[in-house]
Amino acid sequence: RVTLAWTLSPQEIVDRYEAKQLSPAALSGQLSPYMREFARMADALRGDSAFSQVLRLAGKVSKDWSEFLRFARWVGNEHFSDEDKKPFVNEAGKTVDSLHKRFIRAVCRETAAKAADPQSDQTLTEWGLGILEQALQDEPNDQWLNYYQSKLHLANGESDLAIKRLTPVLRRQSRAAWPWALLGDILEIEHPQDALTCYAHATQLAREEQEVAKVRIHLAQRLALLGRFNEAAHQAGLALQYRENHGFKVPQELQQLLASDWYQQAVANSSMQPMPKVESAARALLQALDRKSLTYTRGVIDHVNAEKALSYVATGADSGFGLMHRKFPQIVDLPPGTLVEIGRADPEGPPLDWRLSEARALPGLCEIFSGDLKRQEGKDFALIRSTRENVLVPPALAKIYIPGQEYQVSCLAIRRTNKQGKTGWRAVKFIEQEDQWSSDDF
């Protein structure tokens, strides 16, 4: 019988790896014999806490253990215990995803990493692709699974699909370096200038240098191609410094940059130059990508609530969205009656973008009415009697009209349902004669 005592030797190996005392090659050389022995005799332990402990160890070293996918295929996806499938709270009070979810993500990550390697075991890759496909069916909005699927699309030369998978992740993690780095890889061939923006933004967002150690090399290469040699030298220098500080090997592509005349000249002249901030360009790029992936619904600004700092956009008599001004600051200046389009990632999802609509009216929701306006004595509202339907004029608009007199007016009105459940037309703004248009403009 295998017991927790058996796991002490692998535990020691993993501890040394996490303390950076073992290289990936040394880790694999020392850990693999233990894990092969475990696989030969531990079938009876499936569902036992000792089995779970070994899975935790395997997950911790999955990025650098060469036999992780082979071990994971032996483990399979069917025999995790109920406890393994529950999230838990760690010592810091943070809720952590379950062992099962983290193990499956590790399988998907390593599958994506090895998919482009022609020397990798294709049978293991095919197995891992099946795991990723099933995992995405179970949790289609998991950001890590979509990130790995985006990497797979990139490896297969499917840049449009890669962007489609990555955009929702980037939207949620717009302040993280790693999705911007992947977007740079996707755009590098067909949109090199946008790739440059992505790489630069990733380096400016990174909290730790190891997040962008490879990105800086790509960024330096792109800058050099553009003749921006002092900026390229600065990025190459930072990539070198990180590796020297940690005793890491300098890769050949970085060696080539360091051996270039422009790098040597920048060092001699002390002319290395950091890049300017690219946050605004990155934000514009993300917005452009969003607009390709979102579905837009036409609506009209019904009212602006200054107290709550939001503009309410009606999309139907009983439907609409409140757009917070802190999230959509440019909408604050648009008056009621402005036709807009609201972008969402899915039909029931929250608003993620907005834009002005090219439509002049929305039949059945936002239309032009002309007729006689009359405000009765003692009333702060008014009514417009048109040939089609009557239109309520709220107090804020009716106050300029003298009670008891009639006026020939035209207005833009919205069809809405009030708190009493009655649906009708309410004016949101008056239209001067020269600003009117006909149905031919729709």
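A residue counts as buried when its relative accessible area is under 20%, and as exposed when that area is over 50%. The model discussed here is predicted. In it, Glu231 has a relative accessible area of 8%, and is therefore classed as buried.

Glu231 belongs to helix H12, which covers residues 229–246. Its side chain forms a polar contact of 2.6 Å with the side chain of Arg228. When neighbours within four places in sequence are set aside, the residues in contact with Glu231 are Leu223, Gln273, Pro274, Met275 and Pro276.

The protein chain as a whole contains 16 helices and 12 strands. Of its 442 residues, 44% are buried. Its radius of gyration is 31 Å, whereas a compact globule of 442 residues would have a value near 22 Å. The C-alpha trace spans about 95 × 65 × 40 Å along the principal axes. Among contacts between residues at least 6 apart in sequence, 56% join residues at least 24 apart.

| Property of the protein chain | Value |
|---|---|
| Positive side chains | 55 side chains |
| Negative side chains | 57 side chains |
| Separation of the centres of the two charge sets | 3 Å |

Definitions and conventions:
Residues numbered from 1 in each chain as written. Predicted model: local features only at pLDDT ≥ 70, side-chain atom pairs only at ≥ 80, totals over all residues. Heavy atoms only, no water. Helix = DSSP H or I, 4+ residues; strand = E, 2+ residues; numbered from the N terminus. Rg over C-alpha atoms; globule rule 2.2 N^0.38 Å. Buried < 20%, exposed > 50% of the residue type's maximum accessible area, 1.4 Å probe, protein only. Contact = heavy atoms within 4.5 Å. Lys, Arg positive; Asp, Glu negative; His and termini not counted. Charge placed at Lys NZ, Arg CZ, Asp CG, Glu CD. Polar contact = N/O pair within 3.5 Å; in protein donor to acceptor, adjacent residues only side chain to side chain.
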